[in-house]
Amino acid sequence: MEYFLELFFGGLTRGSIYALIALGYTMVYGIIQLINFAHGEIYMIGAFVALIVAGVCTIYGLSGISILILAAIIAVIYASAYGYTLEKVAYRPLRGAPRLSPLISAIGMSIFLQNYVLLAQTPDFLPFPRLIPDFAFMEPVAHIIGSPELVILVTTMVTMILLTLLIKKTKVGKAMRATQQDMDMARLVGVNVDRIISLTFIIGSALAAIGGVLVASYIGQVNFYIGFLAGVKAFTAAVLGGIGSIPGAVLGGLVLGWAESFAAGYISSDYEDVFTFGLLVLILTLRPAGILGKARKQKV
Amino acid sequence: MADKKHKLLEVKGLTMDFGGLRAVDSVSLEVHEGEIAALIGPNGAGKTTFFNCVTGIYNPTKGDILLHPKGLETRRLNGLKPNKVTEMGLARTFQNIRLFPDMTVLENVMIGRHCRTKAGIFRAILRDKGVREEEQLIVESSYQLLEKVGLEDFANEFSKNLPYGAQRRLEIARAMATDPFLLLLDEPAAGMNPQETADLDQLIRKISEEEKIAILLIEHDMKLVMHISNPIYVMEYGKKIAEGSPQEIKDNPKVVEAYLGEETDA
Amino acid sequence: MLQNLKQSLIVSLWFVFLTFPLMVIRVNTMDQVVVWRWMNMLWVALASFILSYLWRYMLTRQQMRKAVAEEGGETRSKLQLLLEDMSFRYKAMGVLLLAALIFPQVFDTYQSTIMISALIYVVLGLGLNISVGLAGLLDLGYVAFFGVGAYSYALLNHHFDLGFWITLPIGGIIGCLFGVVLGFPILRLRGDYLAIVTLGFGMIFKVVMENWSSLSFGPSGIANIDKPSFFGMDLSLADSTIYIYYIMIALVIFTILVTNRLKNSRIGRAWIAMREDEIACVAMGIDMARTKLSAYALGAFWAGMVGVLFASKTTFINPASFTFMESAIILSIVVLGGMGSILGVILGAFILILLPEYMRAFSEYRMLAFGAAMVIMMIFRPQGIISNLRQTYQYKGLKGKTNNG
Ligand SMILES: Nc1ncnc2c1ncn2[C@@H]1O[C@H](COP(=O)(O)OP(=O)(O)OP(=O)(O)O)[C@@H](O)[C@H]1O
Ligand SMILES: [Mg+2]
């Protein structure tokens, strides 16, 4: 039972991170129907910037959870800036181009950003300073769920609540939903669609950066390549839940996290990635709309 | 008189739902041999959706679509893939032009010949005499179709570089290349100037008379519709509200109201 | 003008901000040292200033070209026009063939080895060109088929002592079969989902090869694979390289011939039509499932075949040779060269493989440049270096046939 609980919380932690990244995919896809291949790289850049901030601080003798918060804030700012620039440079000129063009551009961007970080920094894994202390009140349950997991769960939960409020309650959120439903219509009623698209990239990137910082401090190391696999898995989560659907992304992330955690715990961890991709292929062929997505017929 | 003629297409109680929206609501319609029938109605009436159901792009929610090819047994089209429908002799054009932009005008028509020719992968690689002859036949017949619609001078242009009206005619030629006995045209005159529309009028008659292809067209240009088609079917909000000869349609108060209503809206 | 400079300045400042943490600070958390590289800031500022200027210049130029094209003007470049001239093409081909044939006689083994790998990428590019360039099916796991071919030969050779020549077609066929089997479930998928799923296939292949040790010998790979035999003779290393070089030339010519015929056939036209507009294509009576599957499987065929050659050339393979980066390189070859254009893909392969090889200083930046090239190509020249040559046909028409009209 304890083992089960451990796997349960492990999967929940993992899944909530997937969910954070998946939100970026889903929001972008919902608006411009593009798989933002470089999203995983934004996540990686977020983690890397956090590592740099935290690294510099610890080397100059500062430490503690407040440093983690500072690193996270700077990481979010930078990731958003990268996301914003990414859209402006690589995707905006390709609106209305044949459908493969923006996708190839996105793949190119992903390769570019990966190698940019590789060349500007290092190919090696760098250890991320340990900034989350062991909370005393977690002592009795530490063998099932540790302090870092708790921090991850609380942070993702708060982030998602804030996101939901933003989308449901604010004017910007309303404009985002309108744009997602019908871009031309939204433009007609006076929504600045270009700005909404930029904003979507900024928000998605910020969420990815939060995920990046959490994972980096949890796993304890970062390199230029971490975004690739995380990106593909989060995309799987987004598709699993139904791409374009925000609750779907969260649900998909959690389901994927649990599935991986239990499969690794009870079956074998060698084939963990095979398992994820197998799941992806299965959903896409059997139910491409995902768990919560609505099957939309293409207008002819 | 219409009863004497062979019935080619018979649609009974066709219904199509998109989620909560009923785009086509139990519409019945028939097209006979030698006819130029028209389907008209205000924007959003469900005309294009009706075409999409008949040609297999959508699978209708309810109703029967029956095709009666001459001399062959009747086929029910519901649930068939679009390519199967085309193979059976029912071709179409699209309201928002869907040519193959980066192929030449001639190649666009040659694609239409695909389902009437056979050469497979291995024979394409070997390119034996039979394949070469078949290729030449495809080229010749496609070129002749271009001559019929008056586009032979553009044969080697990319189709995306054609003017609008020419693109519409190319769509017709491409559809005819599939050897249909029934042709569905979705707003063929949209975006054409009066001269082009007059030419189109001629072309449609020619296809009907010389090629013996029956035609069902969707069109907003009332002058064209009244001039060439009989019978006319009218749709509004997914429902069929009238059918009959041009004169009957003109005199039908429901139709007048449907169109007037639209105009006051706009 | 001033407006332009001001805008470039803003962009440049933005990029200085953007690249600040990653380009300026280098922190090594292992050894607890921080390096501040302030000079990089200057470089970034300069480079982004110039690039942003260029970028906007290119964008306006592209706009102008579009306007010219809309008025029916000539937008093809001089090179493009030259290439469309048939007699020039035949002459050029003759010269190139001659050059290819005497190459190993003139240059040493090292050069031939490099050339062989470039030729391998030519075949891979041409194969991927079938699915991506012609049929519009974005395949991001293409390297898996290459791996399937390589492993087929390695294993058949290891266990059953099968030779190179028998396995060459077998590798192609196995690749093709994998294409069919994997292609089946994903045929209904939209273009972008297909990309992700094929990416998954590529990764699954690698993970399985790493972990299924009883079959594949795991990450340590398979060594001592036989080189191609030459009438049972043992060849020296130099001779066998030359021999493989000629096999590769033959394979490339074979690939060009076959893909060219396919492209200009009924099937090839169906692929292109499918790429251009799936709905119009199916409405023209073309069976989507069959057309997609044939493109996907035929693309896989070439990868499988050249995979056999790769294994026999290196005599050692392991899963590390079949990463996503490999797929990405092949894809950039197709994109850079010109999707659908056979000549373009060949040129693309030579540029992308030989350039980093001969400019060692540049090779570190290879992948960075590939990524950037993909983006830039899509924005400024989506048709690639050499756009697809348009096919023309001979016809007589009605007037030629009936003389009474
Ligand atoms: N794929 C689809 N998904 C959801 N709704 C659709 C779809 N296709 C059509 N509709 C809706 O069905 C209704 C009928 O549309 P349709 O295109 O058939 O009208 P139409 O009569 O062809 O109009 P027009 O004259 O403007 O072409 C419209 O309200 C449209 O929004
Ligand atoms: Mg319509």
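At what angle do the axes of helix 3 (residues 105-112) of chain B and helix 5 (residues 129-149) of chain B cross? In this predicted model, local features require a pLDDT of at least 70 and side-chain atom pairs count only at pLDDT 80 or more, whereas totals for chains, interfaces and linings use all residues. Residues are numbered from 1 along each chain as its sequence is written, chains are lettered from A and ligands numbered from 1 in the order in which they are written, and side-chain values use heavy atoms, with hydrogens and water left out.

The axes of helix 3 and helix 5 of chain B cross at roughly 115 degrees and come within 9 Å of each other. Helices (H or I, at least four residues) and strands (E, at least two) are DSSP runs numbered from the N terminus; axes are lines fitted to C-alpha atoms, for helices over the stretch in contact, with angles from 0 to 180 degrees between N-to-C directions. The two helices of chain B are therefore roughly perpendicular to each other, given that angles under 35 degrees count as roughly parallel, over 145 as roughly antiparallel, 65 to 115 as roughly perpendicular and the rest as oblique. From helix 3 of chain B, B:Val105, B:Leu106, B:Val109 and B:Met110 meet B:Ile138, B:Val139, B:Ser142, B:Tyr143, B:Leu145 and B:Leu146 of helix 5 of chain B, contact meaning heavy atoms within 4.5 Å.

In chain A, helix 1 (residues 2-32) and helix 9 (residues 226-241) pack at an angle of about 75 degrees, with their axes 8 Å apart. Helix 1 of chain A is thus roughly perpendicular to helix 9 of chain A. Helix 1 of chain A contributes A:Tyr18, A:Ile21, A:Ala22, A:Tyr25 and A:Thr26 to the contact, while residues of helix 9 of chain A include A:Lys233 and A:Phe235. By class, the contact of helix 1 with helix 9 of chain A comprises 10 nonpolar, two polar and one charged residues.

Two residues were examined in chain C. C:Thr241, in helix 10 (residues 237-263) of chain C, is buried at a relative accessible area of 8% (buried means under 20%, exposed over 50%, partly exposed in between; 1.4 Å probe, protein chains only). A polar atom of the C:Thr241 side chain lies 2.8 Å from the backbone oxygen of C:Leu237. Leaving aside residues up to four places away in sequence, C:Thr241 touches C:Thr109, C:Ser112, C:Thr113 and C:Ile116. C:Met209, in helix 8 (residues 191-211) of chain C, is likewise buried, with 8% relative accessibility. With the exclusion of residues up to four places away in sequence, C:Met209 touches C:Tyr151, C:Leu215, C:Ser216, C:Gly218 and C:Pro319.

Backbone geometry was also considered in chain B. B:Asn230 and B:Pro231 are joined by a cis peptide bond with omega of about 5 degrees; B:Pro231 is found in the loop between helix 8 (222-228) and strand 9 (232-236) of chain B. B:Ser26, in strand 2 (residues 21-32) of chain B, is not a glycine but has a positive phi of about 30 degrees, and B:Ser26 is partly exposed at 44% relative accessible area. Phi is also positive, near 55 degrees, in B:Lys212, an exposed residue with a relative accessible area of 66%.

Key. A polar contact is a pair of N or O atoms within 3.5 Å; within protein, one must be able to donate a hydrogen and the other to accept it, and residues adjacent in sequence count only if both atoms are side-chain atoms. Ala, Val, Leu, Ile, Met, Phe, Trp, Tyr, Cys and Pro count as nonpolar, Asp, Glu, Lys and Arg as charged, and the others, Gly among them, as polar.
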